[in-house]
Amino acid sequence: MSRKGSRSSGRAVLASVILLAATSVNAATPLKLGRWDASAVDRARKGAVKKLESAECQKVFTDFADTKGRSLQQNLDEWGASPAEYVDLIPFLDGSSQPLCRKTKTALVASPGVRRVYVCQAFADVQLRQPGIAESMVIHEILHTLGLGENPPTSIEITQRVESRCR
């Protein structure tokens, strides 16, 4: 098998493992997005992927480090995936059971190093009203899945960096 073929099949296995882990976190909670939210996520992901085609935008992966001091680019490199491919590997799941989604106007939730993003009720509205911001939010959360924590940097600082790099 060619290197490219084994790389593609490796990604398929990784995607399956990520999805299985994400859906087994809490089997009692429905994690699949409804049609409305799934559509909003799909549009925002496509826009985020397009932004990540830019070398300038990809610098966000070297702008930040995880809690161990490794750049997020190093963590991404371990996946053997481009930024766009990585975005497509991460499941976006129903966040209605997440405390941050229920108690705040948060739109997306991810934990450092955890390969899933929860979608809150507010996200579809943000995506409809401010699609560019929604795309930046997707990139912001993708950075968290690669190990980026918060405080420091603050959520606002992360989003501002994404916005400045990914125009």
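Q: Where does Pro 152 lie?

A: Helices are DSSP runs of H or I of at least four residues, and strands are runs of E of at least two, numbered from the N terminus. Pro 152 lies in the loop between H9 and H10. This is a predicted model, in which local features need pLDDT of at least 70, side-chain atom pairs count only at pLDDT 80 or more, and totals for chains, interfaces and linings use all residues. Residues are numbered from 1 along each chain as its sequence is written, and side-chain values use heavy atoms, with hydrogens and water left out.

Q: Is Asn 151 buried or exposed?

A: Buried means under 20% relative accessible area, exposed over 50%, and partly exposed in between (1.4 Å probe, protein chains only). Asn 151 is exposed, at 55% relative accessibility. Although Asn 151 is not a glycine, its phi is positive, about 65 degrees.

Q: Which residues of helix H10 are buried?

A: In H10 (residues 155–165), they are Ile 158, Val 162 and Arg 165. These residues lie on the same side of H10 because they cover an arc of only 75 degrees around the axis, the arc being that of the directions from the helix axis to the C-beta atoms. Ile 156 and Gln 160, on the other side of H10, are exposed.

Q: What do the buried residues of H10 pack against?

A: Contact means heavy atoms within 4.5 Å. The buried residues of H10 pack against helices H3 (55–58), H4 (60–63) and H9 (131–145).
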